[in-house]
Amino acid sequence: MKIDDIAILEAHPVKYQPLVDGDPIAQLTWEDVTFALGTIEDTAPSLLVRLKYGNEPQAGRQLLRRLKGYAHIAVSQTRLELSLEAIKRLAETALEVSVIPPICPTCGGRKEAMIGNLKVICEPCGGSGLIAAKGLASKVGMSEADWRKVEPTFHKLLTLLARWEDEAKAVIAAHHNI
């Protein structure tokens, strides 16, 4: 079985409730999670989970250094001319979006907006519930035109972060026979 999601149950101590096929199963303590993460050879999945669910800023700093390296390689493969500062902001924004998805301020992530009594797809986010490309472009400090050029690289970074989180979840599930 696979973990579909890990949800924080309490702030202190941090506890997790793995969900399999939408049904809650045995609670795992933060100690259970970190012990399982310690068995992963690659540190990136562990760092991501420690940052995202354990609120460990040091893990975020270490992960960001690693992600900046991947961003630099990805940008160099596209032949885009980006400064080291722009690559850093790209990596920071990808990590931030992975850890705290940027909810659209217009619809609050609901994907719909009300115009009078009419419910319509939220125009600013295009019905995604998240900040549109324009918002991400300004977050990274780029024009929309430059953002469109670098957006595929940004999505590669998000995919990498998602893969690391999936790997961590799989290890936690296997370690605890979930």
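Nine of the 12 residues of helix α2 are buried, so α2 is largely enclosed by the rest of the structure. Buried here means under 20% relative accessible area, exposed means over 50%, and partly exposed lies in between (1.4 Å probe, protein chains only). Helices (H or I, at least four residues) and strands (E, at least two) are DSSP runs, numbered from the N terminus.

The model is predicted: local features need pLDDT of at least 70, side-chain atom pairs count only at pLDDT 80 or more, and totals for chains, interfaces and linings use all residues. Residues are numbered from 1 along each chain as its sequence is written, and side-chain values use heavy atoms, with hydrogens and water left out.

**Overall make-up**

The protein has six helices and six strands, arranged along the sequence as β-β-β-β-α-α-α-α-β-β-α-α. Of its 178 residues, 37% count as buried. Contact means heavy atoms within 4.5 Å. Among contacts between residues at least 6 apart in sequence, 54% join residues at least 24 apart.

**Helix α2 and the cores**

The buried residues of α2 are Ala44, Pro45, Ser46, Leu47, Leu48, Val49, Leu51, Tyr53 and Gly54. At the start of this helix, a side-chain oxygen of Asp42 comes within 3.2 Å of the backbone nitrogen of Ala44. After α2 comes Asn55, with a positive phi near 50°.

A nonpolar core is a set of buried Ala, Val, Leu, Ile, Met, Phe, Trp, Tyr and Cys residues joined through side-chain atoms within 4.5 Å. The largest such core has 30 residues, of which Leu67, Leu95 and Trp147 touch the most other members. Two or more residues of this core come from each of α2 (43–54), α3 (57–78), α4 (84–99), α5 (133–140) and α6 (144–175). A second, separate core has nine residues, among them Ile40, Tyr53, Ala168 and Ile172.

**Helix α6**

Helix α6 has 32 residues and reaches 44 Å from its first C-alpha to its last, close to the 46 Å expected at 1.5 Å a residue. That expected span is 1.5 Å times one less than the number of residues. In α6 a kink of about 50° lies at Val150, shortly before the proline Pro152. The bend at a residue is the angle between axes fitted to the seven residues ending there and the seven starting there.

**An aromatic pair**

Rings of Phe, Tyr and Trp (its six-membered ring) pair if their centres lie within 6.5 Å; planes under 30 degrees apart count as stacked, over 60 as edge-to-face and the rest as tilted. A search of the whole structure finds two aromatic pairs. In one of them, the rings of Tyr70 and Trp164 have centres 5.6 Å apart and planes at 70°, so the pair is edge-to-face. Because Tyr70 lies in helix α3 and Trp164 in helix α6, this pair ties together parts that are 94 residues apart in sequence.

| Residue | Relative accessible area | Class |
|---|---|---|
| Tyr70 | 34% | partly exposed |
| Trp164 | 0% | buried |
| Ser98 | 14% | buried |
| Ala71 | 0% | buried |

Ser98 belongs to helix α4. Leaving aside its neighbours within four places in sequence, Ser98 is in contact with Leu48, Lys52, Leu158 and Leu161. Ala71 belongs to helix α3. With neighbours within four places in sequence left aside, Ala71 is in contact with Ile87, Ala91 and Leu157. The C-alpha atoms of Ala71 and Phe154 are separated by 8.0 Å, and the two residues are 83 residues apart along the chain.

Notes
A polar contact is a pair of N or O atoms within 3.5 Å; within protein, one must be able to donate a hydrogen and the other to accept it, and residues adjacent in sequence count only if both atoms are side-chain atoms.
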